[in-house]
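Visitor: I would like a close look at a single part of this protein. Please take me through its aromatic rings.

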Amino acid sequence: MVKELFECQGYNASKLWKKYFPEGADADVKAWKDDDFLSTNIYAQVKHHSGYTGKQGIDQIINAIKYEEEKTGEKYIG
């Protein structure tokens, strides 16, 4: 559903398989959009529970972005 929401907003999107990232990194959906002036990449984690998630999810997203930067040679975060 999250993938489809990104697509409704004009993004290309793909659901990432669980073993896509090394241990300590995780994202469930990657969405991207390019135009003449800007390239946008979004990595999202999708949670289905109640309560507090904690900092671990944020750390996993940061590590996923760092992994992608190393793999592609592009800089995603400042």
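Guide: Here is a walk through the aromatic rings and the core beside them. This is a predicted model, where local features need pLDDT of at least 70, side-chain atom pairs count only at pLDDT 80 or more, and totals for chains, interfaces and linings use all residues. Residues are numbered from 1 along each chain as its sequence is written, and side-chain values use heavy atoms, leaving out hydrogens and water.

The structure holds four aromatic pairs. Rings of Phe, Tyr and Trp (its six-membered ring) pair if their centres lie within 6.5 Å; planes under 30 degrees apart are stacked, over 60 edge-to-face, the rest tilted. Take Phe21 and Tyr43. Their ring centres are 6.4 Å apart and their planes meet at 70°, so this pair is edge-to-face. Phe21 lies in the loop between strands S1 (12-15) and S2, Tyr43 in strand S3, so the pair ties together parts 22 residues apart in sequence. Strands (E, at least two residues) and helices (H or I, at least four) are DSSP runs, numbered from the N terminus.

Phe21 also pairs edge-to-face with Tyr67, at 5.7 Å centre to centre and 75° between the planes. Tyr67 is in helix H2, so this pair ties together parts 46 residues apart in sequence. Ring pairs link Tyr20, Phe21, Tyr43 and Tyr67 into a cluster.

How covered are they? Buried means under 20% relative accessible area, exposed over 50%, partly exposed in between (1.4 Å probe, protein chains only). Phe21 is buried at 7%, and Tyr43 is buried at 9%. Tyr67, at 26%, counts as partly exposed.
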